Amino acid sequence: QVHVVQSGGGLAQAGGSLRLTCEANGGSGSPSAMAWFRQAPGQDEKSIVGATWYSGKSPDYADSVKGRFHLSRDNAKNAMYLEMTNLKYEDTAVYYCAVRYWFGSPRYAAPEDYQHWGPGTQVTVSS
């Protein structure tokens, strides 16, 4: 059974930095894709932050975080890291790690593209 474990996050001031970590345990092999989604206060749906690939392909990012957030991945640990810099108030959200194990799809931006989810981590940015 796959367990997606998240750590990091918390409270930061605008312009500050935070780091999130995600690890996928118990799966067969390594996830083909690992991604971060976020759900802002009052929003019903999760939106993509970015995704990393087992193949080593460069990460994909949402336009709203390009140049501020940096994704990296350690395939040996089935881990993914999100470095968030120059944080903005609108980055406040619950952040979710999502993973999938099937290969062959370029899709990454929709929640239904993933099989397993972490419990969520609160990130709060004060203005």
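Hi everyone! What we have here is a predicted model, where local features need pLDDT of at least 70, side-chain atom pairs count only at pLDDT 80 or more, and totals for chains, interfaces and linings use all residues. Residues are numbered from 1 along each chain as its sequence is written, and side-chain values use heavy atoms, with hydrogens and water left out.

Let's begin with the whole protein. How many helices and strands does the protein have? It comes to 0 helices and 11 strands; here a strand is a DSSP run of E with at least two residues, a helix is a run of H or I with at least four, and numbering starts at the N terminus.

Next, burial. Of the 127 residues, 45% count as buried, meaning under 20% relative accessible area with a 1.4 Å probe, protein chains only. The C-alpha trace spans about 40 × 25 × 25 Å along its principal axes.

Now for the sheet. 4 strands form an open sheet in the order S1-S3-S8-S7, with antiparallel pairing; two strands pair if DSSP finds at least two bridges between them.

Strand S3, residues 18–25, and strand S8, residues 79–84, pair in the antiparallel sense over 6 bridges. To find one of them on your screen, go to Thr21: its bridge partner in S8 is Tyr81.

Note on methods
Buried means under 20% relative accessible area, exposed over 50%, partly exposed in between (1.4 Å probe, protein chains only).
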